[in-house]
Amino acid sequence: MPDPGAMSDSPSSPAVATEPAQRARPAAQRGYDNPYAKRLFLIIDSLPQMQRAMAMTLSSFGANSVEYASKPSDALAKMAKYEFDVVLCDYDLGNGYDGLYLFEEIRARNLLKQSCVFMIVTGERRSQRVVSAAELVPDDYLLKPFTGEVLRARLERAMRKREAFRLVDESILHHEYLSAIDACNRKIEENGEFAFDFMRLKGSLALKIQDFDTARDAYMQVLRIKPTTWAKMGLAKALVGLKSLDEARLLFEAVLADNNQVMEAYDWLAKLYRGNGDLKRAQHVLQQAAELSPVVFSRQQRLAEAAVMNNDLAAAEAAYQQALDIAKYTWHRSPTHYATLARIQLARGDTANASRTLGNLRHDYRYNEEAEWLASVVDSRLQAKNGEDGKAGELLDTADERFRQLLPKLDQDAQMEYARACYQQGRERRGNEVMEYLIRNHHDEEDALARFGEMFEEIGMAAVGRQLIASNVKSVSELNNQAVLLAQSGQYEAAIEHFIQALEELPQNVQIMLNLINSVMAYVSQNGWHESHMRRAYELLGRVRDLAPTNNKFQKILQSWRLLVSKMDKPQWVI
């Protein structure tokens, strides 16, 4: 057995069985045929003694490469550095952060290869948390106490299935979703043991890159074989993307009629109701879901937003307080959550609690310049509510001075909080400038534009907002289309210059970045290699991969880029 003392002193060293233990194992468990011998394991547990116990259990049936993480940040760092085959994660990671939050973050950061087994190890049995776990779908949910044989049986079952997905690992880890879909198609055509699972993966990847036709066809293919809930959900999501909203709504409702614990169906129904202006129904559906599964951050956030639009401020405050409590020790953590809660409290006239929330923001984000800036914005609204217009103006002046400097670091929510404060304190021109910047940088993103419209409606400026959105979307579209026409007519140099100028004005506009890359590739295809143009395009591809890796146009351009640099014999330019 491993030396517990040695493992305690060097928690990141591999757990290796001693020679007697090697001899004690049957021959079938040794060498190349041992399914655990060549696998890299990660044990995530805050208690060193539990790490050692799990490592000893693994070593007893042949696992000889084990890494350890005691807290979420360590786990994320190791997931970014190594490609693990199996992750065994304790549920309780301390400070309110649990293994399911970590699983969600790892997936969101694209750190988990498809062939990796992720198993939650826990004594948690509360029904609400189990429902939440089912939403996130780790490979297994192993309840303590358990024996080594139980763990091995669970691992063997999960590893065998996950091994089939090894061929798509590299494509998905590098955000090359079209290549992954091609690999799925090949496995589906082979009609092997896991063909059904590859149909499911193909559908989810198609949804991810908003190829809704491919997603619809994939899920229809599944449903012709077997009426599974996940395929019905996938088809309904594809129908939303294809604007067949009534059909999608009926399908989501049918799913819930069969099983009222398919939580995602509530979220999508609420989204459809909200998009149709039926905010009361949206709030009701989200409230139902939150009662069944209250520990999902995005659901509590959407519930609060719907309640604000319905002027149900008590429900909004309760939901956003819950969202803040969930986010505080998770990857959702952000200073804008404090600003939102304070805004709701101020709307209720509760300056005392708003002041406490502001104090918590300043305390929890000490030495964070974006948070300090946002605290000034919140404080200006608090002072205005207290009738201290002079102080409010001074605070907003200070925020205004720092806004341009911090702008590249500020997310949409922070910028919108600033715009709200400007409108509230009679600085409409400044508020318009902030919102114009947001609109123009996201002119083709439906969800973002809808959020902007809802903000204007919330502050009683719906008509002004509609006009501002429409005029700025039109002007950016015209600017973009002028350059596209130049490229289509073969005037690639002029198109490139046009897009460069547009990007200087709109540095976050993904559509303009992609059109500039496209123009550069067309120029090079016709005129030969151009170092500076290709370097700019290469850098922009990296930016888009960070900002919008699932953008469908980006996925297609990425494939074209690889073909081009291969044709030009420039393998060092592969991204």
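The chain carries 71 positive and 78 negative charges, whose mean positions lie 3 Å apart; Lys and Arg are counted as positive and Asp and Glu as negative, with His and the chain ends left out, and each charge is placed at NZ of Lys, CZ of Arg, CG of Asp or CD of Glu. This is a predicted model, in which local features need pLDDT of at least 70 and side-chain atom pairs count only at pLDDT 80 or more, while totals for chains, interfaces and linings use all residues. Residues are numbered from 1 along each chain as its sequence is written, and side-chain values use heavy atoms, without hydrogens and water.

## Overall fold

The chain contains 29 helices and five strands, taken as DSSP runs (H or I of at least four residues for helices, E of at least two for strands) and numbered from the N terminus. Its radius of gyration is 26 Å, close to the 25 Å that the globule rule gives for 575 residues, so the chain is as compact as a globular protein of that length; the radius is taken over C-alpha atoms, and the rule is 2.2 Å times the number of residues to the power 0.38.

Of the 575 residues, 50% count as buried, where buried means under 20% relative accessible area, exposed over 50% and partly exposed in between, with a 1.4 Å probe and protein chains only. Among contacts (heavy atoms within 4.5 Å) with a separation of 6 or more, 62% come from residues 24 or more positions apart.

## Salt bridges

The structure holds 42 salt bridges, each defined as a side-chain nitrogen of Lys or Arg within 4 Å of a carboxyl oxygen of Asp or Glu. One of them joins the side chains of Arg166 and Asp85 at 3.4 Å, N to O. Arg166 lies in the loop between helix 7 (148-163) and helix 8 (169-173) and Asp85 in the loop between helix 4 (72-81) and strand 3 (86-90), so the pair ties together parts that are 81 residues apart in sequence. Arg166 is partly exposed at 31% relative accessible area, whereas Asp85 is buried at 9%. Both residues belong to a network of salt bridges that also links Arg39, Lys113 and Glu163.

A salt bridge also connects Glu458 and Arg420, with the closest N and O atoms 3.1 Å apart. Glu458 lies in helix 24 (residues 446-458) and Arg420 in helix 22 (residues 412-424), so this pair ties together parts that are 38 residues apart in sequence. Glu458 is partly exposed at 30% relative accessibility, while Arg420 is buried at 8%.
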